[in-house]
Amino acid sequence: MTLNAREMLRLLLRDRLAVAGLLVLLGFIVLAVFADSIAPFDPMAMQRVDGRIARMHPPSQQFLFGTTDYGRDIFSQVVMGSRIALQVGILAALVVTIAGTAIGLVAGYYGGLVDTILMRVVDIAYGIPFIPFVIVLVALMEPSTTNIIVAISVLSWRSVARIVRAQVLSLANRPFVKAARVAGASDLRIMWVHILPNIIPLALLEMSFVTGWAITSEASISFVGFGDPRSVSWGKTLHEAFLAGAVRTAPWWVAAPGLAIVLLVLAIFFITRGLENVINPRLREW
Amino acid sequence: MGTFIARRLLQSLVSLFILMTLVFFLFRLLPADPTAVMVDAAMTPEQVERLRANFGLDKPLLVQYALYLRNVILHGDFGTSFFYRQPVFQVLGDKILSTIILGLATVVISYSLGTLIGALAAWRRGSAFEAGSIAVSLAFRAAPDFWIGMVFVMIFAYRLGWFPHSGMREIGYVATSLWDKYVNLDFLRHLFLPALVGGLANVATPLLLMRNAMLEVVHEEFVELARAKGLPPWRIIYLHAARNALLPVVTSLAVSVGRTIGGIVLVEVVFSWPGLGREIVLAATRYDFPVAQAAFVLIAAVVMLMNLLADLLYAYLDPRIVYR
């Protein structure tokens, strides 16, 4: 039973965890959009208290999450960092979903040699370990946000392609497709008008998965030091924390950005789970 | 069974070969000059050329590729490190085993914890334990591996002092043999925390899979019978029901291994664990391309090895797959 968008939304909203996730995600989006106004200080500026640099201050009223070893306000860093997290997460997910869906569609619909070749490529992509490959890629190219999105996308489409292809395979043999072909519709038209709308819910589900994965990946890349040097990201804050030995001396520096990541990714997980229950009736818990 | 193993081995080797080719061209075609690290401003153009020739960088690309393949396959020679000025294999040799051990330990922890808790969660369907265990495992999955590592080091290494905070063994340790190197309490103490971090980060998949599989098994008649016989719950769950639920979980092992090894790179960095992962990060930072390239190929080889082991385990549990 396929549902239209409004029914899907209504079902989704019945899932309390998914609603909580949506609210948290919305909160982060608002945070990112208005980061400039919400962050009390410039995240990269050294703060001074009584004329001395505010090194490694624990959380206080003035510095909500404390300061780094260079006296930078961690709260401002976390607020500004939400921008990169959401940018990379959403953009990478979009690119991956569009590319993966296109490849899965073509492979599943045409079958035969095209399918075999494309799936061989997917298999090779699956054999490549993700983080090492992304590290190598970003190290070889100049470390910028765009390149990070590219590096993440280059591998992540593999799972979308596989899943979309499986779905297309089952759809391509259905009577309505055969009827369209008999009526003289071109391949492109069949793929675009008939098959694609049935794939979209699944593609959206995969996109949701990839978003969480992309956010964690970006944090990981920044943590090992290959993040965009001009931007403020949660991974970069943790990178500096690690290098400065904050694990031993400044737990607030470690806790704040990490918890932000956990919160955002968990919210996306719950939204994804909600979507999964809506799209796949078999999993629905009545 | 023999042909099955041979077939899988062949597949892995072909994949590895393709990967080596991919990595080779990736490193040569992307816009970063490998000799930039070693060239200083005082060098004359002839000296620069001689340096490049030394590393074989002046030959045409395909010739370089052929030489690379010949060296790696016939001699195990991955070239010379730009940074260490030593043969790459000397740099990476003993790190391979360290990564394999950490990888195995991580997978063992995540899958044993995942299956044990997942089975229990299915048995106690609808309880707080089930909801709690799923929530906690998802929280661990949402958290970046390296952050869990940092937090655990904070708590267990520094605050509580239960485990060492980094490294593979205490400084100044002299190992007399390979066996001595790895089979001792000090090594295990150092292994525990990084393996636990990696294990917890990846516990969600086996836990959820096991729970879902058990939910179906729990309704079967033989479980009803076991209950009627009055067997204690733990016996029913783990000795009778869990065995049937294991198969889908083991299937996921092969897929999750790749992801686990990828995440191990981060754990190795946090714990300064001397393995391939940490080495590839260091090499990438230093633009030490031969080491980075070789470390990448070796990491992929380790992943394929573990995939192969997972497939063998699955074939042992479900012999039907051998004849497919």
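Among the contacts in chain B between residues at least 6 apart in sequence, 73% join residues at least 24 apart, where two residues are in contact if their C-beta atoms, placed from the backbone, lie within 7 Å. In chain A, residues 24 or more positions apart account for 72% of the contacts with a separation of 6 or more. The model is a predicted one, in which local features need a pLDDT of at least 70 and side-chain atom pairs count only at pLDDT 80 or more, while totals for chains, interfaces and linings use all residues. Residues are numbered from 1 along each chain as its sequence is written, and chains are lettered from A and ligands numbered from 1 in the order in which they are written.

### The two chains

Helices (H or I, at least four residues) and strands (E, at least two) are DSSP runs, numbered from the N terminus. By this count chain A has twelve helices and two strands, arranged along the sequence as α-α-α-β-β-α-α-α-α-α-α-α-α-α, whereas chain B has 13 helices and zero strands. The table uses the word buried for a residue that has 20 or more other C-beta atoms within 10 Å of its own C-beta atom, while a residue with 12 or fewer is exposed and one in between is partly exposed, with the C-beta atoms placed from the backbone.

| Chain | Length | Buried share | C-alpha extent along principal axes |
|---|---|---|---|
| A | 286 residues | 48% of residues | about 80 × 45 × 30 Å |
| B | 324 residues | 38% of residues | roughly 85 × 55 × 40 Å |

### Where the chains meet

Across the interface, 36 residues of chain B are in contact with 30 residues of chain A. On the chain B side, α1 (2-29), α5 (128-142), α6 (145-159), α11, α12 and α13 (289-317) each supply at least two residues, and the largest share, eight residues, comes from α11(B). Sorted by class, this side of chain B has 30 nonpolar, five polar and one charged residues; here Ala, Val, Leu, Ile, Met, Phe, Trp, Tyr, Cys and Pro count as nonpolar, Asp, Glu, Lys and Arg as charged, and the others, Gly among them, as polar.

### A helix pair in chain B

In chain B, the axes of helix α11 (residues 233-270) and helix α12 (residues 276-286) come within 7 Å and cross at roughly 80°. The contact is made by B:Ile264, B:Val265, B:Glu268 and B:Val269 of α11(B), together with B:Gly277, B:Arg278, B:Ile280 and B:Val281 of α12(B), and by class it has five nonpolar, one polar and two charged residues. The loop between α12 and α13 of chain B holds B:Tyr287, which has a positive phi of about 60° although it is not a glycine, and this residue is partly exposed, with 19 other C-beta atoms within 10 Å.

Another positive phi, near 55°, belongs to B:Arg85, which is placed in the loop between α3 (61-75) and α4 (88-123) of chain B. B:Arg85 counts as exposed because it has 8 C-beta neighbours inside 10 Å.

### Covered helices in chain A

Helix α10 (residues 234-243) of chain A is mostly covered, since nine of its ten residues are buried, including A:Trp234, A:Lys236, A:Glu240 and A:Phe242. The buried residues of α10(A) pack against α4, α9 (187-223), α11 (246-249) and α12 of chain A together with α6 of chain B. Just after α10(A), A:Gly245 takes a positive phi of about 75°.

A:Ala92 lies in helix α4 (residues 74-110) of chain A and counts as buried because it has 26 C-beta neighbours inside 10 Å. Leaving aside neighbours within four places in sequence, A:Ala92 is in contact with A:Ile149, A:Ile152, A:Ser153, A:Ser156, A:Val210 and A:Ala214. The C-alpha atoms of A:Ala92 and A:Val150 are separated by 7.4 Å, although these residues are 58 residues apart along the chain.

Technical notes. Axes fitted to C-alpha atoms, helices over the stretch in contact; angles between N-to-C directions.
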